[in-house]
Amino acid sequence: MSRSLVIKATAGVDAPERCSQAFTVAAVGVASGVDVSLWLTGESAWFALPGRAAEFVLAESSPLADLLDAVLAGGRVTLCTQCAARRAIGPDDVLAGVRIAGAAVFVSEVLAEGAQGLVY
């Protein structure tokens, strides 16, 4: 049985340490060879837009844009459907490789055999 990691990031600039932790764990998971799915929800939804991760700064943490690039390169990044709609973000607005999906997809990922879900 292979293991997977499903991470839901709910924080953005409103809670920078929690936000950075989610992206760091996702990128480390990818670097470790784990199947990683990072969900951008709540205020982290803004990081699905080009340039937004580069604007995020937190002392003593890796650049968020680098962490996001790592996850996009080796894992999956999903923007929550409702979170996108509340922010008027459409499929043509997001970074290449970011999909928009809803709760049914999240539930199927987190309930898959061998999946570990984390919420930040």
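Two strands pair if DSSP finds at least two bridges between them. Strands (E, at least two residues) and helices (H or I, at least four) are DSSP runs, numbered from the N terminus. By these criteria, β3 and strand β4 (residues 98–101) pair in the parallel sense over 4 bridges. The model is predicted: local features need pLDDT of at least 70, side-chain atom pairs count only at pLDDT 80 or more, and totals for chains, interfaces and linings use all residues. Residues are numbered from 1 along each chain as its sequence is written, and side-chain values use heavy atoms, with hydrogens and water left out.

The protein chain has 5 helices and 5 strands. Along the sequence, these follow the pattern β-α-β-α-α-β-α-β-α-β. The C-alpha atoms fill a box of roughly 40 × 35 × 25 Å, taken along the principal axes.

Accessible areas come from the Shrake-Rupley method with a 1.4 Å probe; for residues, only the protein chains shown count as cover. The accessible surface of the protein chain is about 6,100 Å². Carbon and sulfur atoms account for 55% of that surface. Buried residues (under 20% relative accessible area; exposed is over 50%, partly exposed in between) make up 42% of the 120 residues. Contact means heavy atoms within 4.5 Å. Of the contacts between residues at least 6 apart in sequence, 70% join residues at least 24 apart.

Further strand pairs extend the picture. β1 and β2 pair in the parallel sense over 6 bridges. Here Ser-4 stands opposite Asp-35 in β2. β2 and β3 also pair in the parallel sense, over 4 bridges. Ser-37 has Arg-76 in β3 as its bridge partner. Thr-78 stands opposite Arg-99 in β4. Both β2 and β3 are mostly covered: 5 of the 6 residues of β2 are buried, as are 4 of the 5 residues of β3.

A nonpolar core is a set of buried Ala, Val, Leu, Ile, Met, Phe, Trp, Tyr and Cys residues joined through side-chain atoms within 4.5 Å. The largest such core holds 33 residues. Phe-23, Leu-38, Leu-64 and Leu-79 touch the most other members. Two or more residues each come from β1 (4–9), α1 (16–31), β2 (35–40), α3 (64–74), β3 (76–80) and α4 (81–86). The largest share, 6 residues, comes from α1.

Helix α3 has Leu-64, Leu-67, Leu-68 and Val-71 buried. Seen down the helix axis, the buried residues of α3 fall within an arc of 95°, so they line one face of the helix. The arc is that of the directions from the helix axis to the C-beta atoms. The cover over these buried residues includes α1, β2, α2 and β3. Leaving aside neighbours within four places in sequence, Leu-64 contacts Cys-19, Ser-20, Phe-23, Phe-47, Ala-53 and Phe-56.

Thr-41 lies in the loop between β2 and α2 (52–55). Thr-41 is buried, with a relative accessible area of 7%. Not counting residues up to four places away in sequence, Thr-41 touches Lys-8, Ala-9, Thr-10, Cys-80 and Cys-83.

Technical notes
Buried means under 20% relative accessible area, exposed over 50%, partly exposed in between (1.4 Å probe, protein chains only).
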